[in-house]
Amino acid sequence: MKHKLLAGIAVSAIVAGSYAPASFAQQYKFVATDSSHETRLCVRAGNNDVKGVKSTLRKMGIHDRKVNINTIRCNDIAPAKFAYKYQADNTFNFLNKYSIGKNKVNASVTIRDVAKAGQEPKIIYVSAAN
């Protein structure tokens, strides 16, 4: 009897989760202001594109990965902080691993307003600097 009850609860949770909106968080659309590798890295960081970030870093010089991550600024903040600010969790985890000092984010739990579902993406214009 208990197994049937647990199975029913599990199925209900899965079904309820599949009908929930894809994301309650604010959606962002990142627009590059130039075609530099640095700006591409920032846009990909904001879009949570880890493969794209790694690809861009390779084009910039694989041996300079840590240097590039710690010298580039995405809209005047470090790439890890930029990804963290826009809830790009995958790229944040990757970039934060290579960040040092003031560029590193000490992540903490935050509570966000989930009543913003269904909004149009907020457009963020991105420029990078060394």
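Analyst: Happy to. A disulfide is counted here when two cysteine sulfur atoms lie within 2.5 Å. In general terms, a disulfide is a covalent bond between the sulfur atoms of two cysteines. Please keep in mind that this is a predicted model. Searching the whole structure turns up one disulfide. Its partners are Cys42 and Cys74, whose sulfur atoms are 2.0 Å apart. The torsion about the S-S bond is -80°, and the link of Cys42 and Cys74 is left-handed.

Where do Cys42 and Cys74 lie? Cys42 belongs to helix 2, while Cys74 belongs to strand 2 (residues 73-74), so the pair ties together parts that are 32 residues apart in sequence.

Are these two cysteines buried or exposed? The cut-off for buried is under 20% relative accessible area. Cys42 has 0% relative accessibility, so this residue counts as buried. Cys74 also comes out at 0%, so this cysteine is buried too.

Now let's look along helix 2, which spans residues 37-46. After helix 2 comes Asn48, with a positive phi near 65°.

The model has seven aromatic pairs, counted by ring centres within 6.5 Å. In one of them, the rings of Tyr28 and Phe30 are 6.2 Å apart at their centres with planes at 40°, so this pair is tilted. Tyr28 is partly exposed, with a relative accessible area of 21%, whereas Phe30 is buried at 8% relative accessibility.

Tyr28 has another partner, Tyr86: this pair is edge-to-face, 4.8 Å from centre to centre and with 75° between the planes. The two residues come from distant parts of the chain, 58 residues apart. Tyr28 sits in strand 1 (residues 28-32), and Tyr86 in the loop between helix 5 (79-85) and helix 6 (89-98). Tyr86 has a relative accessibility of 12% and counts as buried. Taken together, Tyr28, Phe30, Phe82 and Tyr86 form one aromatic cluster.

Notes
Residues are numbered from 1 along each chain as its sequence is written. This is a predicted model: local features need pLDDT of at least 70, side-chain atom pairs count only at pLDDT 80 or more; totals for chains, interfaces and linings use all residues. Side-chain values use heavy atoms; hydrogens and water are left out. Rings of Phe, Tyr and Trp (its six-membered ring) pair if their centres lie within 6.5 Å; planes under 30 degrees apart count as stacked, over 60 as edge-to-face and the rest as tilted. Buried means under 20% relative accessible area, exposed over 50%, partly exposed in between (1.4 Å probe, protein chains only). Helices (H or I, at least four residues) and strands (E, at least two) are DSSP runs, numbered from the N terminus.
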